[in-house]
Amino acid sequence: MTTSPPTSLAEDLADASRPGGGHRGLLVGGIAVGALAAVYLGLVATTGDGLPRGTTVLGVDVGGQSEAQAVSTLHSALGRRATAPLAAVVGTEHVSLVPADAGLAFDAQATVAGLSGRVWNPVTLVQSFTGGPTLSPVVTVDDSRLAAEVASLAADSDSPAVEPTVRVTGTTASVNPGKSGTVLDQKASAEALAAAYLVSSDPVTLPVVDARPTVSEDAAQKALVTAKAAVSGPFTVHVDTLTATIPASAMREALTFTAKDGSLVPSLKGDVLRAAVAPALASVETPGRDASFVIRNGKPVVVPARVGKGVNADLLATDVLAAVVSGSSRSIDAQIGTIDPKLTTEQARALGVTERMSTFTQHFPYAAYRVQNIGQAARAIDGTLLLPGETFSLNKILGERTIANGYTKGYVIGPGGVFKEDLGGGVSTSATATWTAAFYAGLERIHTQAHSIWISRYRAGLEATVAWGSFDMSFRNDTPHAVLVTTIMKNTSITVSIWGTKVYDQIKAVSGPRYNVVPAGGTQYDPSPTCHAQGGVEGFSIDVYRVFIKDGKEVKREKITTRYRPSPTVLCKQDPAKVSPSPSPSAATTGKPSPSPTATKPKPSPSTT
């Protein structure tokens, strides 16, 4: 019998293409496929029920582990990294954010979900024997909390554009040019922080963009023409047979411009113009007044309204401004009419302002700038009446903190928690006192923002600050009655009281423990003449609960969470590490070492409140 020599698989396949060779080819092909399938199933069997062999998350090996085991491993290995402060750079300032406060968290469960069990995917199967898959961590982002944290950074670091203004001196006017600024690109910054969380240990550079004035030079020049016309001379008002004159000085005092929709919009204060013409019209006018409130013997009392007769201040301002803008004339005809009070006696008595709902006194160290700025704010706040549903806006009541509005330079918190001088420093003390009084009156919180760093004379988490053009302090009168806000100003304290009708028997403030504590932000050296030394303060988070009590029972509880960032110690001298040592005369002559420099003890931190 003749035995054929063994054939190769290629030869067998070739035979399969010849007549009569198909059955043998199919048999051989089937054997090959079966062998491959056996190998494949064998490899699948070796993968087990856990995650694919060699699986890693940020360098942490979780291969072969069940999902529960992998979650535990990731929490142990990455937990501290996931909660560590996230370093960032804004301009030249280094800041840090606590991930939890910024709404960033590592979701270990979602990272490994659905990946355990035997591996059937050929690609993943091969990877398990050549190093294993690398998983990206799943990060959850609370967009609103991240946006709020970035907005807080922006409030400290932004240098907003300055709109052009019209300056009037005597009977002449000129334009103060606007100035561009720089502001944090908040949307891009939030995206950068979310992208860097967990995966990068380097500080995140947050993008800063240019901010330009909205009012153009042409628009400012147009406003200048109006200003020059307004103060070029006296303005005459004819009332029947009487003639009254508004002097140029009163026109200057009454004239204001507001930046709106790319223009400087002029307006005149009617009460200023009305006061200027009042002496000449005294014989035909009867002064009127709105109803108001005074506090006598600890209770609010209505001061009756009075109907007046004379020239309406608002109409006077409108008519004079129209004549100024048109340039048609320097005189107008005005009419004597009845001037009804905006708030009548009967209306005032029906408002329900009958008792003190709350009072709060905020003390502060004496400083001339504080007395001026806080006092100016106190005078503006005093007597504010909020009808049901109306909102108290501190920025609206105070106006922009400018010299023209009665404010001077004081200390405010700058980038990185370092204090600097700016107009209106100290005003936030009035914000804290007013908000705390509103807190204890039970009024609805609309928006409050604490200082970015903790200032020790304030109760942590129960204080507020404001910044013109950035953020406000506001609350709403959500009671069925009106509320009256009064102030008492002293050289080292401001007291704010709120009067109305109590809805609750008592409002309590309950503070939780501090958490997410971060050490103070190191030491900074500043040899410049504008330096102000300050001690470092640790950062932390705190929850304050507002507890509403009625009929002896708790009926509501609100939580307010505040995050304070750490601030550095600032020493007003050159950084010793950057100063070249020079031998002292004694060291040069005696060979003895020079005495070590003694660190300057930081002065107490100034504040905006």
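Which residues of H3 are buried? In this predicted model, the buried residues of H3 are Glu67, Ala70, Val71, Leu74, Leu78 and Ala82.

**Helix H3**

Helix H3 covers residues 67-83 and bends by about 50° at Ala77. An α-helix has 3.6 residues a turn, so residues three or four places apart point the same way.

**Two residues with positive phi**

The loop between E1 and E2 holds Leu58. Leu58 is not a glycine, yet its phi is positive, near 50°. Asn297 is another non-glycine residue with a positive phi, about 55°. Asn297 sits in the loop between strand E17 (292-296) and strand E18 (299-303).

| Residue | Relative accessible area | Class |
|---|---|---|
| Leu58 | 25% | partly exposed |
| Asn297 | 83% | exposed |
| Cys531 | 15% | buried |
| Cys572 | 38% | partly exposed |

Cys531 is classed as buried because its 15% falls under the cut-off of 20%. Asn297 is classed as exposed because its 83% is over 50%.

**The disulfide**

How many disulfides does a search of the whole structure find? The search finds one. A disulfide is a covalent bond between the sulfur atoms of two cysteines. Here the bond joins Cys531 to Cys572, with an S to S distance of 2.1 Å. The angle about the S-S bond is -80°, and the link of Cys531 and Cys572 is left-handed.

**The chain as a whole**

The protein chain contains 16 helices and 36 strands. It has 609 residues, and 41% of them count as buried. Among contacts between residues at least 6 apart in sequence, 72% join residues at least 24 apart. The accessible surface of the chain is about 31,400 Å², and carbon and sulfur atoms account for 54% of that area.

Notes
Residues numbered from 1 in each chain as written. Predicted model: local features only at pLDDT ≥ 70, side-chain atom pairs only at ≥ 80, totals over all residues. Heavy atoms only, no water. Bend = angle between axes of the 7 residues up to and from the residue. Helix = DSSP H or I, 4+ residues; strand = E, 2+ residues; numbered from the N terminus. Buried < 20%, exposed > 50% of the residue type's maximum accessible area, 1.4 Å probe, protein only. Disulfide = S-S within 2.5 Å. Contact = heavy atoms within 4.5 Å. Areas by Shrake-Rupley, 256 points an atom, 1.4 Å probe, with all protein chains shown as cover.
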